[in-house]
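Hello,

Here is the structure I promised to pass on. Please have a look at it first, and then read my notes on what turned up.

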Amino acid sequence: QVQLQESGGGLVQAGGSLRLSCAVSGSIYSVAAMGWHRQLPGKQRELVAAILRGGSTNYADSVKGRFTISRDNAKNTVYLQMNNLKPDDTAVYYCVADRANSGIDYPYYWGQGTQVIVSS
């Protein structure tokens, strides 16, 4: 099994920054693609950013140029640097992972989620 533990959420003013971290434990050898989904209030979960084992990344159009995903394989940790945050970024952010190295549209593993609130 794989466990994902997020940290770094909180309250920030619009235009500010936050960095989310996700520590991976358990059967880490089975994890290939990693990333973040989010659930905005009253909406379905959506993909935010993904990073494959080789380092390729992709982002939702709404966060391109503002968010950066990275992973430290030595520390088994994935990060999401969020800059120029907007009130529309307010959501619960979930760390996700999958055994396939093809993306995280439908990830197999999910963290518990961390709340991000952006005030105007």
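Let me start with salt bridges, by which I mean a side-chain nitrogen of Lys or Arg within 4 Å of a carboxyl oxygen of Asp or Glu. One of them links Lys64 and Asp61, with N and O 3.1 Å apart. Asp61 has a relative accessibility of 64%, so this residue counts as exposed (over 50%; buried is under 20%, partly exposed in between, with a 1.4 Å probe and protein chains only).

Two notes on the basis of all this. What you have is a predicted model, in which local features need pLDDT of at least 70 and side-chain atom pairs count only at pLDDT 80 or more, while totals for chains, interfaces and linings use all residues. Residues are numbered from 1 along each chain as its sequence is written, and side-chain values use heavy atoms, with hydrogens and water left out.

**Salt bridges, continued**

The structure has four salt bridges. Arg66 and Asp89 form one of these, at 2.7 Å from N to O. Arg66 belongs to the loop between strand 6 (57-59) and strand 7, and Asp89 to the loop between strand 8 and strand 9, so their pairing ties together parts 23 residues apart in sequence. (Strands are DSSP runs of E with at least two residues, numbered from the N terminus.) Arg66 and Asp89 are both buried. Through shared partners, salt bridges join Arg38, Glu46, Arg66 and Asp89 into one network. Arg38 is buried at 4% relative accessible area, whereas Glu46 is partly exposed at 30%.

**Nonpolar cores**

A nonpolar core here is a set of buried Ala, Val, Leu, Ile, Met, Phe, Trp, Tyr and Cys residues joined through side-chain atoms within 4.5 Å. Which members of the largest core touch the most other members? They are Leu4, Met34, Trp36, Leu80, Met82 and Tyr93, out of 29 residues. Another core, of six residues, lies apart from it and includes Ala50, Leu52, Tyr94 and Val96. In soluble globular proteins, nonpolar side chains tend to be buried together.

**Aromatic pairs and charges over rings**

Searching the whole structure gives two aromatic pairs. For these, rings of Phe, Tyr and Trp (its six-membered ring) must have centres within 6.5 Å; planes under 30 degrees apart are stacked, over 60 edge-to-face, and the rest tilted. Tyr94 and Trp110 have ring centres 5.8 Å apart and planes at 75 degrees, so they are edge-to-face. With Tyr94 in strand 9 and Trp110 in strand 10 (residues 109-110), the pair ties together parts that are 16 residues apart in sequence. Tyr94 is buried at 10% relative accessible area, while Trp110 is partly exposed at 32%. Tyr108 and Tyr109 are edge-to-face too, with centres 4.8 Å apart and planes at 85 degrees. Tyr109 is buried, with a relative accessible area of 9%.

Two of these rings also have a charge over them, meaning NZ of Lys or CZ of Arg within 6 Å of the ring centre and within 35 degrees of the ring normal. The charged end of Arg45 is 4.7 Å from the centre of the Trp110 ring, and that of Arg99 is 4.0 Å from the centre of the Tyr108 ring.

**A buried aspartate**

The side chain of Asp98 does have a polar atom 2.9 Å from the backbone nitrogen of Ala100, and reaches the backbone nitrogen of Tyr108 at 2.9 Å.

**Two positive phi angles**

Most residues other than glycine have a negative phi. Asn76, in the loop between strand 7 and strand 8, has a positive phi of about 55 degrees. Asn84, in the loop between strand 8 and strand 9, has one of about 50 degrees. Asn76 is partly exposed at 27% relative accessibility, and Asn84 is partly exposed at 42%.

Best wishes

Methods:
Helix = DSSP H or I, 4+ residues; strand = E, 2+ residues; numbered from the N terminus. Polar contact = N/O pair within 3.5 Å; in protein donor to acceptor, adjacent residues only side chain to side chain.
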